[in-house]
Structure formats: structure tokens, C-alpha cells
Amino acid sequence: MTSENKTSPTEPAHSEPADTDVNDLLTLLAVDEIGPDLYRAASPVLPGRRNIFGGQVMAQALWAASRTVEAGRLQHSLHGYFLREGLFETDVIFHVERSRD
């Protein structure tokens, strides 16, 4: 076994800059405002997946909710239930209810 194929703990496993990964994540989680307290998010088709990933939907919901509060206010919890599977062909619509503003 040669050491040529090994990476040390301080070396990245790939050569792409971290900024690219962050930008890809922000693009994946982006939501568009389509009305008062109403947001839409598209879900790109991911290889090996049939349905939208639930964690992505939760992150998009949190992002939409964060856009309805004044700057400096932070979320402290998030609860959700998945009633049906999401499909890539259909955008997800988020309606944010301002219960404590």
C-alpha cells in the first residue's frame, strides 16, 4: 500500500474551493417571495433520489420564515411533520404564519 492516495486530516479531500460548496447550498435552499408571507422553492432533481429530500424542505421553510422577521431576531426552534412525499416536478409553496410578531 502506498501513501500516494492518502490525505492527511488537514488536507481537503477534494480540490474545489469551499466557496463553491456554500454557493451551491445557498442556491439549493433559496426561496422566492411570491406574495405577502408566501414563498416558492424549486427542487432540482438529485441523482439517485425519487422525491424531494425532507431536510431540504425544512431548511427552505426556516429560510422563508426568517425573511418575515426584523433583522436581529433569530429562530430558536423548528418543528415539522411530513404528510406526503414531495415531487421534483412541483414547486414547494410555503405560507408563513406570523404568530408572535
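Predicted model: local features only at pLDDT ≥ 70, side-chain atom pairs only at ≥ 80, totals over all residues.
1. Leu-26 is partly exposed, with a relative accessible area of 43%, where partly exposed lies between buried, under 20% relative accessible area, and exposed, over 50% (1.4 Å probe, protein chains only). Leu-26 belongs to helix α1, residues 18–29, helices being DSSP runs of H or I with at least four residues and strands runs of E with at least two, numbered from the N terminus.

2. Residues are numbered from 1 along each chain as its sequence is written, and side-chain values use heavy atoms, with hydrogens and water left out.

3. The protein chain has two helices and three strands, and from the N terminus on its elements follow the order α-β-β-α-β. Of its 101 residues, 18% count as buried. Among contacts (heavy atoms within 4.5 Å) between residues at least 6 apart in sequence, 74% join residues at least 24 apart.

4. On strand pairing, which requires that DSSP find at least two bridges between two strands, β1 and β2 run antiparallel and are joined by three bridges, while β2 and β3, also antiparallel, are joined by four. Arg-40 of β2 stands opposite Asp-32 and also opposite Ile-93 in β3, and the bridge partner of Ala-41 in β3 is Val-92.

5. The hairpin of β1 and β2 has two residues between the strands, and there Asp-37 takes a positive phi near 60°. Most residues other than glycine have a negative phi. Asp-37, in the loop between β1 (32–35) and β2, counts as buried at 17% relative accessibility.

6. In a regular strand the side chains alternate between the two faces of the sheet.

7. The largest nonpolar core has 10 residues, among them Tyr-39, Ala-41, Ile-52, Val-92 and Phe-94, a nonpolar core being a set of buried Ala, Val, Leu, Ile, Met, Phe, Trp, Tyr and Cys residues joined through side-chain atoms within 4.5 Å. At least two residues of this core come from each of β2 (38–41), α2 (54–66) and β3 (92–95). Beyond its neighbours within four places in sequence, Ile-52 is in contact with Ser-43, Val-57, Gly-86, Leu-87, Phe-88, Thr-90 and Val-92.

8. The largest pocket has a volume of about 1,500 Å³, and of its 37 lining residues, Ala-61, Leu-62, Ala-65, Leu-78 and His-79 lie nearest its centre. A pocket here is an open set of points on a 1 Å grid over the protein atoms alone, where a 1.4 Å probe fits, with protein on both sides within 12 Å along at least five of seven lines, and lining residues have an atom within 4 Å of a point; the volume is the space filled by probe spheres set on the points, which are joined across faces, edges and corners. The largest share of the lining, seven residues, comes from α2.
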